[in-house]
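Please read the following report alongside the sequence and the structure shown here.

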Amino acid sequence: MAKAGLLQRWEPENPVFWQSEGQSIAKRNLWISIPCLTLGFIISVLWSMVTLDLPNAGFTFTKEQLFLLTALPQLSGATLRIFYSFMPSLVGGRKWTTISTGLLLVPALWLGFAVQDPTTSYPVMLTIALLCGLGSGNFASSMANIAYFFPTAQKGSANGLNAGFGNLGVSLAQLLIPLAVTLPLMGVFGGEAQTYLKDGVSHQLWLQNAGFMWVPLIAIATIAAWFGMNDIADARASFAEQAVIFKRQHNWIMCVLYLGTFGSFIGFAGAFALLTKTMFPEISVKTYAFLGPLIGALIRPVGGAISDKLGGAKVTAAVFFGMVIAVLGVLYFLPTHDAAGQLVGGSWTGFFAMFLCLFTLTGIGNGSTYKMIPTIFATVCRREAQGKGDAAIEQSRLDGLKESAAAAGFISAIGAYGGFFIPQSFGLSMKNTGGPEVALYCFIVFYALCLSITWFFYARKNAPLPC
């Protein structure tokens, strides 16, 4: 087994090489990549839980300000993904995973100190929220890096495992943070508790734990990446070599589709708790918030595996059809406002069930779209090399790998903007109309558009590029 460092030879499509040494190296890199990515997702959604307790810690931000704090990490993270997607090929996957994981220490520590002081200004909180986007940025480089290690037939499953268990960071954060902030986890090193009254009873809160609790794990993951992962010599490519994806029509089409799947997953994950607190104030949302992202993350590898057998396009089309139905269900179960402006009717059980369906569908769609990406770019490069000789065919294989890796990262960047737009859409809809209905109707139109695009380009009989 090759040690961590630079791999001069890497031939995952060669069965002899794969069985003798390639498979073990690829799996080692994957299993180190996964916790690094998980921590990235944890940092990216810290504010979805922290905002629920900021009033108890003495902060007086408005509802719109809280929604913005929840959304900003996804905005900065999506933008960072554009740059992160090219970094593994520029500097090496091992080096970049180490750097990008280590950077997570900055927002984790700063948030831990900032929430202990209720006089911390809103601009400072916005800055920390933007830095939490470093965690979201990691997804692009992680997926681009892992794509190099596995043969085409296993890319769907490998990408599904990396992304699926990485996405688990969302549910882990939303499950563990509400528990951790009620305990003095760090002892004398963790700072003083915040005290507040609720129903005449005094409660203590250690909101700083939301950031501090991840610091040791980030440090361990950073060290593991440096000493356990590999760079691949053949994966090195200049920005100019990778930038060819911007001329590919299918790069932009897949950006739209991934915005519909992953963008919805991360957007709903960030907005669900505050939306529930607003529409069903009697519900203790902290008890349930983690379940949707947990299901979406766990089902993602299943989406990749199913797509390996049935084809990514068919699965993706089915996902978007289901999402239209699920959003209609959310609308059906929402409460309404009476003449006095009070919420009446609605069904929390039905509302929650429909959101669980949405998380399940987005998770499957995350896996199926990532199965489509390498198939599309490998096919495009192979078609361009047809009739040009064996050397051109071999070069097209390498070009397909490089383009699909760069495209996977860039597409994930565009998709991640859903993490900003969805919470902001809910916030704007409620501000201007008093409820989230307008935002939900917009989502239905968008998912129907994604279904049509998937069917026309990839899923129908005689599609331009079936996959």
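## Basis of the model

This is a predicted model, in which local features need pLDDT of at least 70 and side-chain atom pairs count only at pLDDT 80 or more, whereas totals for chains, interfaces and linings use all residues. Residues are numbered from 1 along each chain as its sequence is written, and side-chain values use heavy atoms, with hydrogens and water left out.

## The largest pocket

About 450 Å³ of space lies in the largest pocket. On a 1 Å grid over the protein atoms alone, a pocket is an open set of points where a 1.4 Å probe fits, with protein on both sides within 12 Å along at least five of seven lines, and lining residues have an atom within 4 Å of a point. Grid points are joined across faces, edges and corners, and the volume is the space filled by probe spheres set on the points.

The largest pocket is lined by 20 residues, of which D53, N56, K198, S284 and K286 are the closest to its centre. At least two lining residues are supplied by each of α2 (46-53), α9 (152-180), β2 (194-198) and β3 (201-205), where helices (H or I, at least four residues) and strands (E, at least two) are DSSP runs numbered from the N terminus. The largest share, three residues, comes from α9. Sorted by class, the lining has twelve nonpolar, four polar and four charged residues, with Ala, Val, Leu, Ile, Met, Phe, Trp, Tyr, Cys and Pro counted as nonpolar, Asp, Glu, Lys and Arg as charged, and the others, Gly among them, as polar.

## Aromatic pairs and charges over rings

Rings of Phe, Tyr and Trp (its six-membered ring) pair if their centres lie within 6.5 Å, and planes under 30 degrees apart count as stacked, over 60 as edge-to-face and the rest as tilted; by this rule the count comes to 39 aromatic pairs. The rings of F139 and Y370 have centres 6.0 Å apart and planes at 80 degrees, so this pair is edge-to-face. The pair links distant parts of the chain, with F139 in helix α8 (residues 133-147) and Y370 in helix α16 (residues 348-385), 231 residues apart. Buried means under 20% relative accessible area, exposed over 50% and partly exposed in between (1.4 Å probe, protein chains only); F139 is buried at 0%, and Y370 counts as buried at 2%.

Ring pairs also link F268, F272, F280, Y288, W348, F351, F352, F355, F426 and F443 into a cluster. A charge sits over a ring if NZ of Lys or CZ of Arg is within 6 Å of the ring centre and within 35 degrees of the ring normal. R94 lies over the face of W226, at 4.0 Å from the ring centre, and the charged end of R460 sits over the ring of F456, 4.4 Å from its centre.

## A kinked helix

Helix α13 (residues 249-279) has a kink of about 40 degrees centred on F272, the bend at a residue being the angle between axes fitted to the seven residues ending there and the seven starting there. F272 also belongs to the ring cluster. Of the 31 residues of α13, 26 are buried, so this helix is largely enclosed by the rest of the structure.

## Individual residues

N462, in the segment after α19 (437-459), has a phi near 65 degrees, a positive value in a residue other than glycine. N462 counts as exposed, at 66% relative accessibility.

V344 lies in strand β6 (residues 343-344) and is partly exposed, with a relative accessible area of 34%. P107, in helix α6 (residues 105-114), counts as buried at 0% relative accessibility.
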